[in-house]
Amino acid sequence: MNIIDIFSAYKEGFLQGLGVTLKLCLMVWCIGISVGVGFGMLSAKYQKSFGFSSKIVSGLISGVPIIVLLYWLYYPMQQQFQIDIPAFNVAVFALSFVNIFLVSDLVGNAIIELPNQYILSAKVSGLSEKTIHLKIQIPLIFKQLLGPVLLVQISTLHNSIFASLINVDEIFRQIQRVNAIVYKPIELYTALAIFFIVITVPLNMLAFYLKKKYAKDYSER
Amino acid sequence: MLQGKNIFKKINGLDILKDININVECSKISCLIGPSGSGKSTFLSCLSLLTNPSNGIVVVDGKEYSFNNGNIGYKDFPYPLVTMVFQGLFLFPHLTNEENILLPLKEHKKTLDNFDPLIEKLNIKDILKKYPNECSGGEKQRVALTRQILLEPKYLLLDEVTSALDLEAVNTVASILVELKNKGTGILLATHMLNLAKTIGDDFYFLDRGELVEYGDVSQLSRPLTDRLKKFIKIYN
């Protein structure tokens, strides 16, 4: 049985796994970016209260491997509180939680570190608050953030395979399941690697392109 | 008239400006001279209301902005009636030089009648499509100057704007400043270039260690009264 035969025989399972992975990632990306941007803005505005708390949470998160967080939320926490949350929802929550604070950190830092002199320069040129926000602050921050935020999303995609360990039927789990039947590890895991390469390489290239195009060295010569 | 009255500025407990009184009058070029660290840039920031003085009053055409008793709540800033070119220039890095110049002009619906002659004069036509970080210090100075001049301010504050220019460009800038003065603009030029001050200035203010040590007609620069100004002239002339 070659790889094409395997894929054609188990295509339903693979497509379902692919769908679950993409659905998981899309949800985590959307939640992480939208809430993370909001948190980042609040962190920058209320540096001493919200910003400080956010930094502590983000520091704690960076010290806990995602797999531990997933296990903790799926097994002991649910047992402790006598609740039953589907594995997919737990994975969305855990990955989004991490994504939110990573994005929030990036956004908060970008806002705080935006040199004030550009704002002063805009002010003395008589630009309105609205124009300063829309034409100066947001584009500068946005362009600085595009690359790094994209890289965080790529890492989220990679982390999504850990969801298989709490029984989420995503692509990695489907590959494992099929491998248990046909035992073709080289072919199957190579195909999985290719799947991730196909998605992440263009994203990596886009991140690199955006970084080169927009987040270029703005410093004065 | 643009006036700084009894301006004090303290930063981290240090007195950066001590009781400075300076007037910028229309149709006059006043030169603010002094060694590095004397408080020239801080004073310009205070006078342009970008920084709140610790104490003192800024008066713009009769409108008082008092900072005595800790008043800091002003929101109706007089920009671009009063505008400034910074020593660090601070062109918007994500915009081309042309966009840098046009953005405030569009906001204030200024006509572009003076655009072509000025960019021609300041020789920046070839770099309009470039980004600031692709330009030399001198080119950026000329772009920053163009941006603020085209706003047609009544009072123009300039912080060392000729420092990165070659002699020819300094002469061009000098002639433009005289032209602006003749059109009625009041200019306060912070500079190290004593010759420039003597050539185009009407009066001067000499700052040293945050104090206004001497002021008067620029002709007085040839016969300074205080030892501190004499010493400064000896070093910088």
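How many helices and strands are there in chain A? Chain A holds 10 helices and 0 strands; such elements are DSSP runs, with helices (H or I) of at least four residues and strands (E) of at least two, numbered from the N terminus. This is a predicted model, in which local features need pLDDT of at least 70 and side-chain atom pairs count only at pLDDT 80 or more, while totals for chains, interfaces and linings use all residues. Residues are numbered from 1 along each chain as its sequence is written, and chains are lettered from A and ligands numbered from 1 in the order in which they are written.

**View 1. Chain A as a whole.** The elements of chain A run α-α-α-α-α-α-α-α-α-α from the N terminus on. The C-alpha trace of chain A spans about 70 × 45 × 25 Å along its principal axes. Two residues are in contact if their C-beta atoms, placed from the backbone, lie within 7 Å. Among the contacts in chain A with a separation of 6 or more, 79% join residues 24 or more positions apart.

**View 2. The loop at Tyr46(A).** Tyr46(A) occupies the loop between helix H2 (11-45) and helix H3 (47-63) of chain A. With 13 other C-beta atoms within 10 Å, Tyr46(A) is partly exposed. The C-alpha atoms of Tyr46(A) and Ile166(A) are separated by 37 Å, and the two residues are 120 residues apart along the chain.

**View 3. Helices H6(A) and H8(A).** The axes of H6(A) and H8(A) come within 10 Å and cross at roughly 160°; axes are lines fitted to C-alpha atoms, for helices over the stretch in contact, and angles run from 0 to 180 degrees between N-to-C directions. H6(A) is therefore roughly antiparallel to H8(A) (angles over 145 degrees count as roughly antiparallel, under 35 as roughly parallel, 65 to 115 as roughly perpendicular and the rest as oblique). Residues of H6(A) in this contact include Leu95(A), Asn99(A) and Leu102(A), and those of H8(A) include Ile141(A), Gln144(A) and Leu145(A). By class, the contact of H6(A) with H8(A) has 12 nonpolar, 4 polar and no charged residues; Ala, Val, Leu, Ile, Met, Phe, Trp, Tyr, Cys and Pro count as nonpolar, Asp, Glu, Lys and Arg as charged, and the others, Gly among them, as polar.

**View 4. Helices H2(B) and H4(B).** In chain B, the axes of helix H2 (residues 97-107) and helix H4 (residues 137-150) come within 9 Å and cross at roughly 15°. H2(B) and H4(B) are therefore roughly parallel to each other. Asn97(B), Asn100(B), Ile101(B), Pro104(B) and Leu105(B) of H2(B) meet Val143(B), Thr146(B), Arg147(B) and Leu150(B) of H4(B). These residues divide into 5 nonpolar, 3 polar and 1 charged.

**View 5. The contact between the chains.** Chain A gives 21 residues to the contact and chain B gives 22 residues. On the side of chain A that touches chain B, helix H7 (116-124) and helix H8 (129-159) are the elements that give two or more residues. That side of chain A has 8 nonpolar, 7 polar and 6 charged residues.

Key. Buried ≥ 20, exposed ≤ 12 C-beta atoms within 10 Å, placed from the backbone.
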